[in-house]
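Please open the model in your viewer and keep the sequence at hand.

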Amino acid sequence: MNRDLGPVKANAARAVTPGLSPEQSYADALKQGLSQAMELDEKVVVIGQLVDYAPGVFGSTTGLADRFGSDRVRDFPVAESAMTALGIGAAIAGMRPVLVHHRLDFMLYSIDAIVNWLSLWRFKSNGRSSAPVTIRAIVGRGWGQGPQHSKSLHAWFAHVPGLRVAMPATAFDAKGLLLESIFGENPVLMIEHRSLFGLKDRVPAMPYRVRFGRAAVRRQGGDVTIVAAGVMVPFALRVALQLAAHGVDAEVIDLRTVSPLDTDTVCTSVKKTGRLCVIDPAWQSFGISAEIVARVAERLGRTLRANPVRICHPDSHTPMSSALEAAYYPEESAVVARLRALVAGG
């Protein structure tokens, strides 16, 4: 854990009470991270639809407007492209805006601003100017979210040079990656899965930063490496627990960020286990799972003991029907059976 806060006010940093909270939800960790960032630097602003509303955005912005005022916590019309353009301009002028999108799907109205302006601003200025915009984009799942509220699309944005893409799976990482994003100099998309917001974790009360490009080994094992991102990390841990009951020892790696991607940690694990499974909360074709398999194959292809396995969503849009939706997403017991066969056959 790195507590270097970067360009922040020293007197504000001393005002934060140190200590470790016994447990804190993912949503509360995000709220605490935003609050502390705004305490530490008056240039941090939060912008988005209903961010100033009493319940906040799924509880992650609750109370911020009361504490910091409407100048720094600003509601915005349903105009995603305009909001992103505003954020870029504010960042270039010296602010550190955090833009909040209730659903990643509708953030796509901002695609021109993100890809053609935000991602290449630092490149075009030869490093003389930066646009430190943090975009929080939320992904839905379950309760009939359907095809327009449940796309992750992290592979799209990871493909674009100049953008960083984070996928925190724990409350600890949600706060730490958020603070790293806000006080860094690069534009960041932080993709948050709605179903994680209630999960709890031990979260330090003081500010801290989780560095990009450093995956975490969540479980040690020697039979198969399971690489997961975002919402699929707790899924992978449950799969590993079930595999252990059958005598299969799985190592679980939480990528934390997909751009940059920590290839070294993944390859170190696969070199030990000889087997790879990638669990990606997105479509299988042309995604992060393919990129990870390719990188491992380039480094370790001849030493693998079995063909790599990818667990992803079907190459189809998410159905609205709850019965079809249940069939659409990966099922734990099926993954356990597939990995047991992988280990037994190799």
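Select His 154 and Asp 280 in this predicted model: their side chains are joined by a polar contact of 2.7 Å.

Next, colour helix α8, which covers residues 154–158 and contains His 154. Is His 154 buried or exposed? His 154 is buried, because its relative accessible area is 0%, and buried means under 20%. To see what surrounds His 154, display the residues in contact with it beyond its neighbours within four places in sequence; among them are Val 165, Met 167, Ile 191 and Val 258. Pro 281, Ala 282 and Ile 288 also belong to this group, as does Asp 280.

Now select strand β13, residues 276–283. This strand belongs to an open sheet of 5 strands, in the order β9-β11-β10-β13-β14, with mixed pairing. The edge strands, each pairing on one side only, are β9 (216–219) and β14 (309–313). From one strand to the next, the twist averages 25 degrees.

Turn to the pair formed by β13 and β14, which run in the parallel sense and pair over 4 bridges.

Finally, select helix α12, residues 288–300. Helix α12 lies across β10 (224–228), β13 and β14, and runs at about 155 degrees to β13.

Key: Residues numbered from 1 in each chain as written. Predicted model: local features only at pLDDT ≥ 70, side-chain atom pairs only at ≥ 80, totals over all residues. Heavy atoms only, no water. Helix = DSSP H or I, 4+ residues; strand = E, 2+ residues; numbered from the N terminus. Buried < 20%, exposed > 50% of the residue type's maximum accessible area, 1.4 Å probe, protein only. Polar contact = N/O pair within 3.5 Å; in protein donor to acceptor, adjacent residues only side chain to side chain. Contact = heavy atoms within 4.5 Å. Pairing = 2+ DSSP bridges. Axes fitted to C-alpha atoms, helices over the stretch in contact; angles between N-to-C directions.
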